[in-house]
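Have the sequence and the model open as you read.

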Amino acid sequence: MKVLIIEDDPLHRSYLNEAIRAALPECDGVLEAENGNAGERLARDCKSEHIVMDLQMNQRNGIEAARTIWKERPETRILFWSNYSDEAYVRGISRIVPGGAVYGYVLKSASDDRLKLALRSIFIESQCVIDREVRGMQQKSLGNVNGFTEAEYEILVDIALGLTDRAIAQRRNLSVRSVQNRLQQLYVKLGVYQPLGSQDDDGRFNLRARAVAVAFLRKLLNHSALERAEGDLSVWLARQPHD
């Protein structure tokens, strides 16, 4: 068994190398990549089946790298090892995991023993391992009362990208009225909704901009999520007919 580490921090790569060799006596080689681009190339060239990957990296983040790796080899087992449990990351991963894939999400704050257990569980025992904090965020993101539905989250991303109601309707195959209804639900859940005629309706806020700001503060959105979304938007725009 060979394990590929994709991590841009050299100290973290060294730590993972030692942890992998201690947890997996079956491992006869550890490969290292310093960013997502290099990781994709190594995974492709070496046909890597066991990968430990950071999420936030300067050159191509972990979600984008994992999406490419899983697209080429859906059976690849990936342990995401990150400082962050943002809902944006949790949703990003949930969107790209192939059906039946074995993967894990462990925070860098976890103990050495927790990390070693996750390595064995995923790579040897074929069991998914998700940290409790991350699992809680997964459950929250799937909830329809306190969390957001996938349709609501898509529209949140669209307004963060600057799309108008009409453009969102075209992109999501909705009526403009449906888009506006979902926006209102977003505003309510984000706590920025101001009913007409209410004491708070004094015109101080642009609700779209305020919703995006609150979403960033609550870690529903982050740079990586918008970077992915911008790429998807560019693909969609390229497919639209030109006048």
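Start with Ala101, which sits in the loop that runs between helix H4 (87-96) and strand S5 (103-107). Keep in mind that this is a predicted model. Is Ala101 buried or exposed? Its relative accessibility comes out at 13%, so Ala101 counts as buried, the cut-off being under 20%.

What does Ala101 touch, once residues up to four places away in sequence are set aside? The answer is Pro74 and Cys128.

## Asp54, the annotated site

Now over to Asp54, which UniProt lists, in an unreviewed entry, for "modified residue: 4-aspartylphosphate". You'll find Asp54 in the loop between strand S3 (50-53) and helix H3 (62-72). With 6% relative accessibility, Asp54 counts as buried because that value falls under the 20% cut-off.

## Who Asp54 meets

Skip the neighbours within four places in sequence, and Asp54 is in contact with Ile6, Glu7, Asp8, Gly62, Trp81, Ser82 and Lys108. Which of these has a side chain joined to that of Asp54 by a polar contact? That's Lys108, and the polar contact between the two side chains is 3.5 Å.

Methods:
Residues are numbered from 1 along each chain as its sequence is written. This is a predicted model: local features need pLDDT of at least 70, side-chain atom pairs count only at pLDDT 80 or more; totals for chains, interfaces and linings use all residues. Side-chain values use heavy atoms; hydrogens and water are left out. Helices (H or I, at least four residues) and strands (E, at least two) are DSSP runs, numbered from the N terminus. Buried means under 20% relative accessible area, exposed over 50%, partly exposed in between (1.4 Å probe, protein chains only). Contact means heavy atoms within 4.5 Å. UniProt positions are given in the numbering used here, feature names are shortened, and annotations may be inferred rather than shown by experiment. A polar contact is a pair of N or O atoms within 3.5 Å; within protein, one must be able to donate a hydrogen and the other to accept it, and residues adjacent in sequence count only if both atoms are side-chain atoms.
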